[in-house]
Amino acid sequence: MKMLSAIWDNLKGLYSLLVGMCITGRYFFQPLKTVHFPRDVVEPENLASYRGPLELARGKTDESKTRCISCQMCAKGCPGNCITVVKSKEGKNPVTWLYDFTLCCLCGACVEVCPTAAIQFSHRLYLVSTSREALVLDLLKDLEERVAAGPLPAAGAGTPDAKKPEARMPDAGGPQKAAGGSAAPDPEG
Amino acid sequence: MELSKISVLSLVELVVACLLVIALMVANAIVMVYAERKGAGFIQRRPGPYEVGPWGILQPVADSMKLLAKQLFVPANVDFLLYFLAPVLAFLPVLLLFLPIPFGPYLTALKVPDGVVLILAFAGFGLLANLLAGYSSNNKYGILGAGRAVAQGVAYEIPMILALLAVVFQTGSMNLSDIAEAQGSAPWRWNFLCQPLAFFIYLVTLVAETNRAPFDLPEGESELTAGFHTEYSGMGFALFFLSEYANMLLVSFVCATFFLGGYKGPILDGFWWTFIKAYAVMAFIVWIRWTFPRVRFDQLLNINWKWLLPLSILNLWITAVIIKLV
Ligand code: SF4
Ligand code: SF4
């Protein structure tokens with residue numbers, strides 16, 4: 001009896017091998033899933049679930065302002081010490097909000113801990129640089145630029161122009177400028 | 001006088017055949033490097049080699065250039081003679097094994113009456129090369145890989161021989177041309193339908209004998225770095241690589257001859273049929289490599305000793321009984 005069940009099990013195992021081969025055989029003929037980066041970019045709908053570098057969320061009442069109240073919770077909670085928030089003299093809002101992407105492990109602790117939900121993950125995929133300094137991002141400036149670009153691209157910056165990789169690069173401004181503006185290498189070159 | 005003329009002629013023939021076989025082995029390795037990587041890519045739904053030449057077609061050239069340019073690094077405390085002998089020993093027997101294969105009705109390098117015995121006898125040499133490579137390189141991964149290679153090779157050789165023997169019983173000849181000839185032109189008379197169990201057992205053992213995934217334990221890179229050829233670089237590694245693909249090609253040709261009708265086809269018998277069939281088997285080997293995960297070592301030996309060996313003996317026995325009765 002035991003032997004019969006062992007034989008039956010093995011036959012079932014053989015069948016599962018066949019199923020596996022059917023799957024890979026089918027995949028062989030199906031279109032590719034990967035994107036050939038410099039010549040091609042990811043479709044915006046595939047970016048929706050991508051957790052890229054941080055960005056500041058827009059204010060609830062005033063869309064052009066940040067929600068950050070400079071409480072320093074994120075800076076304290078960050079395991080990588082990536083965040084520098086400097087409070088302004090007049091009010092609660094920050095004057096500097098620097099984020100060192102080279103140290104960030106995208107753990108999300110800062111997003112969790114923020115009392116005003118001022119931080120969120122962006123969908124920025126094409127963040128490339130040849131220097132370290134260029135990846136220290138000035139998020140306040142980034143927010144300003146997004147505000148200037150348009151009213152409300154709800155799910156993160158730059159989603160409308162996801163087709164153009166250049167538009168997703170960190171712009172040569174703010175701290176990047178000091179680094180020689182090498183933040184956005186020509187993807188074709 | 002007459003005799004010496006004949007022997008000189010046959011010697012020239014043999015040399016030409018050897019050169020052609022070497023050319024075939026190298027061409028096969030170049031084609032298979034590309035085909036395998038492309039196949040892996042498509043199965044995983046990515047493009048595979050893409051940047052070198054159109055569709056990455058020059059990738060094997062770039063790879064071999066890289067291998068040629070690499071430094072031949074010899075680690076300390078190797079067994080010098082064996083260390084250099086092992087890759088050569090892996091490469092040369094394969095060369096010999098191609099000679100009795102009937103590629104076409106007239107295209108056989110060495111017409112020997114007992115081609116099956118020749119192939120089975122010298123197939124073990126590759127194993128010896130793996131063992132020597134692992135042993136001589138004085139490396140723990142190497143010696144582990146070598147041990148696995150021997151345990152696996154010795155185990156899987158037995159059902160392989162028994163499966164082939166069933167076909168030999170059926171044909172009543174050990175001559176590979178006879179075996180191909182006996183199957184006839186019609187695909188439904190080929191041996192994979194007359195001997196389905198032997199065909200299946202042979203398919204499993206050929207993957208194990210060539211150390212390919214899912215039976216690639218001697219070189220399982222996640223456990224043993226590269227197994228028996230961990231310490232080989234540059235051309236030594238290239239020779240192992242070449243002989244691995246040549247071994248694959250060889251077992252595919254044997255499979256085509258024994259089970260798939262050899263050079264016989266529905267129309268126009270000829271060497272093209274052997275090549276088409278052999279490369280179909282190669283494609284199958286690549287396909288299963290990228291489908292199945294590697295088995296554990298005890299599973300590997302269990303498959304062999306508990307399933308393949310009894311099944312192949314049973315198959316041989318049934319074949320003998322049927323032959324006696326019919
Ligand atoms: S995601 Fe984690 S590592 Fe990155 S800034 Fe936030 S807390 Fe720090
Ligand atoms: S935790 Fe939120 S509110 Fe507090 S400093 Fe960080 S971003 Fe600003």
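Strand β3 (residues 94–100) of chain A pairs with β5(A) in the antiparallel sense, over 3 bridges. Strands here are DSSP E runs of at least two residues, helices are H or I runs of at least four, and both are numbered from the N terminus. Two strands pair if DSSP finds at least two bridges between them. This is a predicted model: local features need pLDDT of at least 70, side-chain atom pairs count only at pLDDT 80 or more, and totals for chains, interfaces and linings use all residues. Residues are numbered from 1 along each chain as its sequence is written, chains are lettered from A in the order in which they are written, and side-chain values use heavy atoms, without hydrogens or water.

**The sheet of chain A**
- The bridge partner of A:L98 is A:D138 in β5(A).
- The sheet is open and has 3 strands, in the order β2-β3-β5, with antiparallel pairing.
- β2 (83–87) and β5 (136–138) of chain A are the edge strands; each has a single partner, so one side of each lacks a neighbour in the sheet.
- From one strand to the next, the twist averages 15°.
- Helix α5 (residues 139–149) of chain A packs on this sheet and touches β3 and β5 of chain A. Its direction makes about 105° with that of β3(A). Such angles run from 0 to 180 degrees between N-to-C directions, with axes fitted to C-alpha atoms, for helices over the stretch in contact.

**Chain A overall**
- Chain A has 7 helices and 5 strands.
- Of its 189 residues, 33% count as buried, meaning under 20% relative accessible area (1.4 Å probe, protein chains only).

**Helix α12 of chain B**
- α12 (residues 297–325) of chain B has 29 residues, which should span 42 Å at 1.5 Å a residue; the end C-alpha atoms are 41 Å apart, which agrees. The expected span is 1.5 Å times one less than the number of residues.
- A kink of about 35° lies at B:L308, shortly before the proline B:P310. The bend is the angle between axes fitted to the seven residues ending there and the seven starting there.
- Buried residues of α12(B) include B:L300, B:N304 and B:L308.
- The buried residues of α12(B) pack against α5 (140–171) and α8 (196–209) of chain B.

**A helix pair in chain B**
- The axes of α6 (residues 176–183) and α10 (residues 234–259) of chain B come within 7 Å and cross at roughly 50°.
- Contact (heavy atoms within 4.5 Å) involves B:L176, B:I179, B:A180 and B:Q183 of α6(B), with B:T257, B:F258 and B:F259 of α10(B).

How values were computed
Buried means under 20% relative accessible area, exposed over 50%, partly exposed in between (1.4 Å probe, protein chains only).
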